[in-house]
Amino acid sequence: MRIRSLRDCLGNASCSAGCHLRGARGSVWLGELLGATCLGGRGAQLAGRSILLRTHNPLTAALAMVELDGVAQRLVICPPDVASQHVPSIIAKAGVDVLVSDGERGEKGAGGLTPRVHAGASLSPCGPAALSPVATQWVLLTSGTTGEPKMLLHDLAGLTGAIKPGQLDGPDVVWGTFYDIRRYGGLQIFLRALLGNRPLVLPDPAESPTDHLVRLGAHGVTHLTGTPSHWRRALMNPAVRAIAPRYIRLSGEIADQAILDALRSVFPAAAIGHAYASTEGGVSFEVTDGREGFPADLFGRKGEVEMKVENGSLRIRSSRTARGYLGEPESVLADNDGFVDTADIVQQRGDRYYFLGRRSGIINVGGLKVHPEEVEARINGHPAVLMSCVRSQRNPITGALVVADIVLKERESCGNGKGRELEQEILSHCRKALPRHKVPAALRFVKALGLTETGKMGRPHA
Amino acid sequence: MIPVSSIRTTILAEIQQIAEGEQKALPELTDDLLLLQSGLDSLMLAILVARLEQKLDLDPFTDSADTFYPMTLGDFIKAYERAGEI
């Protein structure tokens, strides 16, 4: 669907139906935005600016995205869990000159001296935007790592490339998502709802999982998306009985057979699919046969998305991938042929490919990323430890857990029943400096660690 | 292999140990206790499942033919007892 800006979608809205955004703190019918503003009428002043959008209320973020797309030169979308300490560097790298926020001036992380425009979830009337739309650059952040978030450049054509008119936008479709709409996965659902002119129940970081499920049920959500971890947590919550989706989609983590089977048994009538998408590679494909992994015949196809495997990892070429990294001249997103390395290691078994984990060894614990190096550095700081290797262990609840193999300086220090004591000591050493999900769930004392030919530590996958 | 009869004791002991490690107070561990409201969050549950796999050599949430995710502590224990009988 080719639109020049998100505002074009508002023109399609009919009074009887259309895209209602239902947040935990209020609802808005998007058609109202046609002659109104959530920015106190200051949208025109923001023309051509580079804007950081950082709000508490996701509904405010949604309204501001619609109002600012086609107006701003660059729109940097800040997810709710980005630490304040990273904001100054985001502002500097993205050349941000205006902060749009619903926070108080002087609030921590509000961007210091950067000029600020207040956004709110209630609309006030204003004249029509007379400007002809510009192609706004969208900047999305990848989820929290040890360092600063990475910024990826997108445009509206790429972001909406996987959304086909007439698909998933029937008159009774009500969208819901467990993802925040300020992340790639949630933004896809927001854009689907907007382009398909369908209602969307927005999640809110301030809401409990139980309240969210009840609200999804109360609004009659039919199409619901989230990560395997979101879904596992939902299935363990009695409030899951409140929802009856007929279309279920998982993405963002490896969907294992267990979660696919469990969803099938709880929602026998639903169409269940797992999609492969990322902030870097865009939306690539969807698997709907109820099995983990994906069919090998997805390779070699010509079309909107082309795939190949090189050095064990999946590479994607499509018009939906990010255009590049922002503020990192040394990082290259695509190779000379335009393929983006997803860094997801895949393995063929028969007529199917399976995901084994990340090349970098990044461990995804229920949606929270862990860099093994950070955990190793902490473990190695313990006086009894010579070296360590932190790796991922599959887990049916969080997808993965962190475990560590440790070589001690003196092997005797774990002999004579002292192992258990030393284990507790190393774990408490980790707990002092690391957030809980980064603390190893299990330690193993080993004689040696395997090294690769290049002398690097081998990180076995899964 | 641990006899089915002691699966319950093993699970309860592991829960107590994980809660102690995280310095979390737990409510009384009854069968109708909702897992996600027991003071154990999903990370602690994940660790519990990993430790039980080591101790009991059972992982009913990965190996079972009809997978389900338990809501209550009673469901959770039953899943292990059933897996232990097979």
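The model is a predicted one, in which local features need pLDDT of at least 70 and side-chain atom pairs count only at pLDDT 80 or more, while totals for chains, interfaces and linings use all residues. Residues are numbered from 1 along each chain as its sequence is written, and chains are lettered from A and ligands numbered from 1 in the order in which they are written.

Chain B contains 4 helices and 0 strands, where helices (H or I, at least four residues) and strands (E, at least two) are DSSP runs numbered from the N terminus. Along the sequence the pattern is α-α-α-α. Chain B has a radius of gyration of 12 Å, close to the 12 Å from the globule rule for 86 residues, so it is as compact as a globular protein of that length. That radius is taken over C-alpha atoms, and the globule rule is 2.2 Å times the number of residues to the power 0.38. The C-alpha trace of chain B spans about 35 × 25 × 20 Å along its principal axes. Of the 86 residues in chain B, 33% count as buried; a residue is buried if 20 or more other C-beta atoms lie within 10 Å of its own, exposed if 12 or fewer, and partly exposed in between, with C-beta atoms placed from the backbone.

Helix α1 (residues 7-21) of chain B and helix α2 (residues 42-56) of chain B have axes that come within 10 Å and cross at roughly 135°. This makes α1(B) oblique to α2(B). Axes here are lines fitted to C-alpha atoms, for helices over the stretch in contact, and angles run from 0 to 180 degrees between N-to-C directions. Angles under 35 degrees count as roughly parallel, over 145 as roughly antiparallel, 65 to 115 as roughly perpendicular and the rest as oblique. The residues of the contact of α1(B) with α2(B) include B:Ile7 and B:Ile11 of α1(B) and B:Leu48 of α2(B); two residues are in contact if their C-beta atoms, placed from the backbone, lie within 7 Å. By class, this contact has 9 nonpolar, 1 polar and 3 charged residues. Ala, Val, Leu, Ile, Met, Phe, Trp, Tyr, Cys and Pro count as nonpolar, Asp, Glu, Lys and Arg as charged, and the others, Gly among them, as polar.

The axes of α1(B) and helix α4 (residues 73-85) of chain B also come within 10 Å and cross at roughly 135°. Here α1(B) is oblique to α4(B). B:Ile7, B:Arg8 and B:Ile11 of α1(B) meet B:Ile77, B:Tyr80, B:Glu81 and B:Gly84 of α4(B).

The contact between the chains takes 21 residues from chain A and 19 residues from chain B. On the side of chain A that touches chain B, α8(A) gives the most, with 4 residues. The residues of that side divide into 10 nonpolar, 7 polar and 4 charged.

Most residues other than glycine have a negative phi. A:Leu168, although not a glycine, has a positive phi of about 60°. A:Leu168 is partly exposed, with 17 other C-beta atoms within 10 Å. A:Asn311 also has a positive phi, near 50°, and lies in the loop between β18 (305-310) and β19 (313-318) of chain A. With 8 C-beta neighbours inside 10 Å, A:Asn311 counts as exposed.
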